[in-house]
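This report describes the pockets and nonpolar cores of one protein model.

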Amino acid sequence: MDVQIWKLDAAKMAYTEHLGPYEEVGKAWEKLCAWAGPAGIFSPKTKFFGVYYDDPREVAPENLRSEACITVEDVIDAPVEIKFKDFTGGRYAVTTHLGPYEKLGESWLKFYEEWLPQSGEAHAESPCYEQYLNDPTNTKPEHLVTLLLMPLK
């Protein structure tokens with residue numbers, strides 16, 4: 001597994017929350033994009049992130065918490081389901097997942113169970129992120145590129 005340590009800059013994010021199976025987080029993306037597109041939020045600098053708070057091996061699918069997030073320049077008027085937060089940045093272990101989102105769990109397990117114990121690093125006990133580098137609506141699943149971002153102490 002190819003893992004690099006990056007220092008990520010702070011950023012402001014707009015997001016929508018999702019409660020339920022991670023496979024259904026697309027509902028949160030639909031809400032977020034339905035607002036962001038007409039609001040003129042998207043630009044070449046916009047980054048797309050998923051935040052996942054719970055381990056699906058330990059939390060029932062209906063109780064899994066996640067968020068669909070995009071970077072924004074500033075807080076603007078938005079519907080109540082769109083929230084804003086600051087991403088503090090910091091040290092992250094970063095690896096790349098190539099292929100369908102359905103196989104992301106396998107990459108996360110390898111990251112946590114193989115790379116982390118032998119790395120000499122420690123997880124910072126804050127949420128992990130996925131950064132989506134291409135658009136699943138016009139990219140074949142086998143060509144999707146996702147960065148896995150693990151916060152480090």
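A pocket is an open set of points, on a 1 Å grid over the protein atoms alone, where a 1.4 Å probe fits, with protein on both sides within 12 Å along at least five of seven lines; lining residues have an atom within 4 Å of a point. Helices (H or I, at least four residues) and strands (E, at least two) are DSSP runs, numbered from the N terminus. The model is predicted: local features need pLDDT of at least 70 and side-chain atom pairs pLDDT 80 or more, while totals for chains, interfaces and linings use all residues. Residues are numbered from 1 along each chain, and side-chain values use heavy atoms, without hydrogens and water.

α2 gives the most to the lining of the largest pocket, 5 residues. Tyr 22, Tyr 52, Leu 104, Glu 130 and Tyr 132 lie nearest the centre of this pocket. In the second largest pocket, the residues closest to the centre are Ala 11, Lys 12, Lys 45, Lys 47 and Thr 71. There β2 provides the largest share of the lining, 3 residues.

| Pocket | Volume | Lining |
|---|---|---|
| Largest | about 1300 Å³ | 35 residues |

Volume here is the space filled by probe spheres set on the points, which are joined across faces, edges and corners.

The largest nonpolar core has 16 residues. Such a core is a set of buried Ala, Val, Leu, Ile, Met, Phe, Trp, Tyr and Cys residues joined through side-chain atoms within 4.5 Å, buried being under 20% relative accessible area (1.4 Å probe, protein chains only). α1 contributes 5 residues, the largest share of this core.

Key. Buried means under 20% relative accessible area, exposed over 50%, partly exposed in between (1.4 Å probe, protein chains only).
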